[in-house]
Each structure stands twice: as structure tokens, then as C-alpha cells.
Amino acid sequence: LKRVRTRHFARAKEQGIKITGLTSYDVLTAQIFDEAGIDFLLVGDSAGNTVLGYDTTLPVTVDDLIPLTRGVVHGVKRALVVADMPFGSYETGPDEALHTAFRFMKETGAHAVKLEGGVRSAEQIRRIVAAGIPVMGHIGFTPQSEHGLGGHVIQGRGESADALLADAKAVEEAGAFAVVLEMVPAEAARRVTEALSIPTISVGGGPHCDGQLVVWTDWAGLSSGRIPKFVKQYADLRSVLMDAALAYRADVESGAYPDADHSYEDDTAEQALQER
Ligand code: KIV
Ligand code: NA
């Protein structure tokens with residue numbers, strides 16, 4: 001089983017093979033997604049919403065994400081693990097950005113980092129890449145700047161398609177190995193994808209990108225509340241777990257659980273068997 005490397009991203013684009021990504025925040029989902037052949041796992045700062053219960057990603061810290069990233073790294077044999085750099089951990093300049101990237105690489109074993117911003121983050125990307133750390137860019141709607149952007153607004157519509165392309169070019173020229181396009185019209189994403197030699201990864205960027213990425217808890221029907229239009233739900237885990245919890249509660253309250261099959265006896269013969 002060969003590990004996915006950044007060169008496989010480049011090759012996939014050349015050969016027209018789609019790249020698959022999911023977020024993950026723990027070892028158990030990482031094991032499942034890795035075994036399913038998902039190419040890369042992003043330990044997103046979306047953990048702020050999906051794990052920590054915040055309304056935005058803004059409060060998430062490097063210290064929050066490091067243990068989650070470690071768990072995901074421990075779960076994979078093949079997938080490339082991307083650590084997301086949180087708000088306030090890279091914007092002041094290349095030194096801060098490299099310091100944060102070093103923390104993720106040294107303390108978690110992640111294979112790459114991701115940060116938001118095109119033109120505005122190019123120097124940060126350049127410095128991290130120069131240190132031998134692969135960087136995934138992230139442009140279009142960038143959740144860490146949602147207050148500056150005026151909410152969850154689709155980016156790259158109309159005349160701002162040119163700015164999107166300029167951001168994409170800046171990320172590529174800075175040395176990123178791939179770039180996420182979040183919430184942009186399919187046509188703008190197609191134009192960016194054709195203009196770049198590095199793969200584009202769609203998060204609500206339509207079908208013309210070189211790969212797709214989605215927040216796994218949305219995709220598996222575990223998240224409560226509103227799910228973005230671009231997310232297709234592949235499971236209904238919320239109902240599965242709700243039904244399990246209700247059945248468990250009913251069984252415990254009625255005394256149906258635990259029964260003899262799920263209890264231990266003072267039986268030395270059974271113990272000898274178990275110890276073998
Ligand atoms: O944090 C995250 O999950 C992300 C992806 C949605 C791109 O940044
Ligand atoms: Na993110």
C-alpha cells in the first residue's frame with residue numbers, strides 16, 4: 001500500500017483522475033476513510049463547529065487541533081493528512097506561518113498544512129514550502145474571514161472571477177501543491193482549474209475541479225442544523241445513533257440489558273478459555 005504523496009496529486013491532474021478528500025478529526029473515522037481509499041484527510045479547523053461546538057472557526061487554536069491531528073495521523077496507512085492552520089496562527093507574516101507549520105509537522109506527523117488566502121497569503125506559503133513542507137491553499141469563501149466577507153457568501157461571481165483567478169495563480173506561484181476552491185460558481189472553478197497546473201479541490205466548487213472535499217459530519221448526516229446546498233448526504237448517522245441511544249435507554253430502564261450473554265460469571269473454565 002503506497003502512501004499518497006503530493007506528486008500523486010500532480011499526476012492525478014495530468015491523468016484526469018479525480019482526487020477524493022474528507023475531513024477527519026479522530027482515529028476511528030481516519031481508519032475508515034483511509035481503508036475506503038480516500039486520498040487525503042483534512043483535519044480542518046471546522047473542528048471548531050464539528051467537535052468543539054463553536055458557531056465559527058475563529059476561536060480554534062493550534063493547541064486545539066494538534067491532538068486531533070495526531071489521532072488522524074495514527075489512523076492512516078495510505079491517505080495524505082493535511083493539518084489546517086487556524087485563524088491567528090499565520091497572518092502576521094511568513095515567520096509566524098512557518099512557526100505554526102513546524103508545530104504541526106513536528107508534533108503531529110501530518111504530511112502537509114493548509115492555510116486560507118490567495119494573494120494575501122502568498123509570502124506565507126512561499127516560506128513554508130521553502131522549508132520542505134507541502135502547502136494546500138484555500139481561496140474563494142474563506143471561513144476564517146467570514147466577518148470581513150459579510151457572511152457565508154459565494155465568491156468569484158461576476159467580476160470577482162478575475163480576483164479569484166489572481167488568488168489561484170498567487171497560490172500556485174508560491175509553491176502550493178493544490179488549492180481548495182470553496183463556494184464558487186462551477187464556471188469560475190472550471191476557469192481556474194484550466195488555468196492552473198496544480199489540482200483544484202472543490203468544496204462547493206462544482207464538478208470541473210480536479211478533486212472534491214467535504215466536511216464528513218455534514219456528508220454523513222451527523223451534523224445538526226443547516227447543511228450547505230453543495231453537500232450531498234451519503235448517510236444518516238444522526239438517525240442511526242439516535243435510534244441506538246433510544247433502544248439502549250429503553251433496554252437499561254426495562255432491565256433487558258444487560259442479559260446473561262453480556263455479563264460475567266464466576267467461572268474459572270470460561271476464564272481459562274478467554275486467557276488463551
Ligand atoms: O476546515 C475545513 O473543514 C475546511 C474545508 C471545508 C475546506 O477548511
Ligand atoms: Na478550514
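The model is predicted, and its protein chain holds 12 helices and 8 strands. The C-alpha trace of that chain spans about 75 × 40 × 35 Å along its principal axes. Of the 276 residues in the chain, 42% are buried.

**Overall packing**

- Taking contacts between residues at least 6 apart in sequence, 59% join residues at least 24 apart.
- The largest nonpolar core contains 63 residues. Leu41, Val43, Val81, Val82, Val113, Ala176 and Val179 have the most contacts inside this core.
- As general background, nonpolar side chains tend to be buried together in soluble globular proteins.

**Helix 8**

- Helix 8 runs over residues 160-173, and its 14 residues should span 20 Å at 1.5 Å a residue; the end C-alpha atoms are 20 Å apart, so the two values agree.
- Its buried residues are Leu164, Asp167, Ala168, Ala170, Val171 and Glu172.
- The elements covering the buried residues of helix 8 include helix 6 (122-130), strand 5 (135-140), strand 6 (178-182) and helix 9 (186-195).
- Just after the helix, Gly175 adopts a positive phi of about 110°.

- Glu182 sits in strand 6, and an unreviewed UniProt entry lists Glu182 under "active site".
- Glu182 counts as buried because 24 C-beta neighbours lie inside 10 Å, and the cut-off for a buried residue is 20 or more.
- Setting aside neighbours within four places in sequence, Glu182 is in contact with His138, Gly140, Phe141, Thr142, Val203, Gly204 and Gly205.
- Glu182 is also one of the residues around ligand 1, together with Thr23, Leu42, Gly44, Asp45, Ser46, Asp84, His138, Val180, Val203, Leu213 and Val215.
- By class, that shell has 5 nonpolar, 4 polar and 3 charged residues.

**Phe230**

- Phe230 is found in the loop between helix 10 (216-219) and helix 11 (237-254).
- Phe230 is partly exposed because 17 other C-beta atoms lie within 10 Å, a count between the cut-offs of 12 or fewer for exposed and 20 or more for buried.
- Phe230 and Gly204 are 26 residues apart in sequence, yet their C-alpha atoms are 5.1 Å apart in space. Gly204 is also among the contacts of Glu182.

Definitions and conventions. Residues are numbered from 1 along each chain as its sequence is written. Chains are lettered from A and ligands numbered from 1 in the order in which they are written. This is a predicted model: local features need pLDDT of at least 70, side-chain atom pairs count only at pLDDT 80 or more; totals for chains, interfaces and linings use all residues. Helices (H or I, at least four residues) and strands (E, at least two) are DSSP runs, numbered from the N terminus. The expected span of a helix is 1.5 Å times one less than its number of residues. Two residues are in contact if their C-beta atoms, placed from the backbone, lie within 7 Å. A residue is near a molecule or strand if its C-beta atom, placed from the backbone, lies within 6 Å of it. Ala, Val, Leu, Ile, Met, Phe, Trp, Tyr, Cys and Pro count as nonpolar, Asp, Glu, Lys and Arg as charged, and the others, Gly among them, as polar. UniProt positions are given in the numbering used here, feature names are shortened, and annotations may be inferred rather than shown by experiment. A nonpolar core is a set of buried Ala, Val, Leu, Ile, Met, Phe, Trp, Tyr and Cys residues joined through C-beta atoms within 7 Å.
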